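Here are my notes on the model, point by point. Please read them with the structure open.

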Amino acid sequence: MAANKEDSDIDDILANEEELEKALCVLAGSDPENCSYSRGYVKRQAVFACNTCTPSAAEPAGVCLACANKCHDGHDVFELYTKRNFRCDCGNSKFGEFKCQLIPAKDEENVRNHYNHNFNGCYCTCDRPYPDTDDQSNDEMIQCVICEDWFHCRHLGCTTVEPEELQEMTCEACMNKVPVLWTYAAHFAVPPVISISDPEEEVEVEEGAEMEEAPESSKTSDEEPSTSVEHTKQEKAASRSSPCKRTHEEMTGSPAKATTKTVVCRLKELQAKGLERLRQGAVFWPYSWRSKLCTCMSCKRIYVAAEVQFLMDQSDTILAYENKGLDEPFGQHPLMALTSSMDRIQQLEVIYGFNELSTSMTAFLDQCVAEGKTVTVEAVHQFFEELRARKRRRTNAGYQ
């Protein structure tokens with residue numbers, strides 16, 4: 001029984017470590033001490049919004065990790081995950097008299113920043129907050145790689161795969177913003193399962209894909225081009241693992257192979273094949289899909305006109321950003337770094353102690369709030385003395 005309990009605790013430790021890694025890897029490339037404003041429009045960084053300084057009725061604004069820690073400590077701050085090409089707004093004209101403590105002198109506005117309703121704490125087409133206390137469905141959310149908004153799976157206009165197998169997604173609105181992507185979707189995206197479409201039409205799409213080019217991402221096809229067999233194996237393996245745990249090579253595909261085909265417009269070649277896909281619902285892509293995009297001058301102009309030129313950048317993806325986060329020095333929680341060098345018994349002791357301290361401290365503070373007491377230095381000392389006394393009693397009992 002004791003062995004089973006220890007194994008269960010170890011499983012919990014590993015699960016907690018994975019969750020911590022997922023959370024901390026979002027901070028990749030973000031400096032917790034220095035405002036990112038001096039770096040200009042950062043390619044990708046963790047961004048936060050302060051409901052205390054810029055409430056929903058005010059102009060939307062975002063701050064970097066350092067400003068969230070230093071300038072907005074104690075404020076109602078919420079995380080926006082990551083945003084691309086964003087410059088820290090902390091202390092500019094949107095904050096009134098409030099000035100950034102790290103870089104007080106800033107332009108009044110960052111004109112190249114893009115904002116959406118996420119900065120007001122709302123997400124998806126339903127425009128609801130997250131977490132949503134009125135939503136009992138506990139639906140998984142996924143981010144569109146173009147608009148960077150977050151969507152409930154049930155609001156994507158299509159039947160999705162299991163949440164742990166979600167790949168890169170483009171929402172229907174963004175697909176229509178860049179219509180040429182529908183052509184690529186017909187050849188390379190996950191086969192569509194549109195909730196209101198004719199099943200026979202879905203079969204025609206998948207069969208057509210097999211006849212034309214047998215796209216690497218199609219799970220219904222066994223015949224694949226010889227140049228992408230390895231990528232297909234990697235993508236299938238990736239779909240069975242955590243979406244935050246894929247290698248950089250799996251995500252980036254093979255840029256060299258893509259660039260060798262830019263002499264002839266690949267988009268026109270695909271359009272000439274006449275393969276169509278129902279233009280409805282979100283589209284799920286394998287992680288190497290960007291390497292399939294044509295990069296001839298004509299297509300580049302299309303991307304620039306639609307303001308999606310970042311799609312040509314293999315390192316723009318969230319996966320590349322998160323993988324970088326795992327390689328950063330702060331990419332591992334200090335508690336996990338400490339326990340990694342311990343044996344199993346020592347790990348359990350540390351985790352138990354940490355959890356007990358966290359639970360006890362929370363209960364202590366909640367009690368003070370409930371009783372209207374002020375948290376004094378004497379009360380804190382008394383709390384820790386009681387905690388030590390409990391530990392001594394438990395230790396002494398173990399030797400009896």
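1. First, a term. A pocket here is an open set of grid points, on a 1 Å grid over the protein atoms alone, with protein on both sides within 12 Å along at least five of seven lines. Its volume is the space filled by probe spheres set on the points. The second largest pocket comes to about 550 Å³. Keep in mind that this is a predicted model.

2. Which residues lie nearest the centre of the second largest pocket? They are Arg84, His114, Ile146, Glu307 and Phe310.

3. Seven of its residues are charged, six are nonpolar and five are polar. Strand β2, residues 77-86, supplies the largest share of the lining, with four residues.

4. Now the overall fold. The chain holds 14 helices and eight strands. Of its 400 residues, 43% are buried. Consider the contacts with a separation of 6 or more: 72% of them join residues 24 or more positions apart.

5. How many disulfides does the chain have? The count is zero. The cut-off is a pair of cysteine sulfur atoms within 2.5 Å. For cysteine 35, the closest cysteine sulfur is that of cysteine 67, at 3.7 Å, so the gap is too far for a bond. Cysteine 100 is in no disulfide either. The nearest cysteine sulfur to cysteine 100 is also that of cysteine 67, at 3.7 Å.

6. Are cysteine 35 and cysteine 100 buried or exposed? Buried means under 20% relative accessible area. Cysteine 35 has a relative accessible area of 5%, so cysteine 35 is buried. Cysteine 100 is at 2% relative accessibility, and therefore counts as buried too.

7. Take a look at aspartate 139. This residue sits in the loop between β4 (128-129) and β5 (141-143). Leaving out residues up to four places away in sequence, aspartate 139 touches His152, Cys153 and Arg154.

How values were computed: Residues numbered from 1 in each chain as written. Predicted model: local features only at pLDDT ≥ 70, side-chain atom pairs only at ≥ 80, totals over all residues. Heavy atoms only, no water. Helix = DSSP H or I, 4+ residues; strand = E, 2+ residues; numbered from the N terminus. Contact = heavy atoms within 4.5 Å. Buried < 20%, exposed > 50% of the residue type's maximum accessible area, 1.4 Å probe, protein only. 1 Å grid on protein atoms, 1.4 Å probe; cavity = no way out; pocket = protein on both sides within 12 Å on 5 of 7 lines; lining within 4 Å. Nonpolar A, V, L, I, M, F, W, Y, C, P; charged D, E, K, R; others polar.
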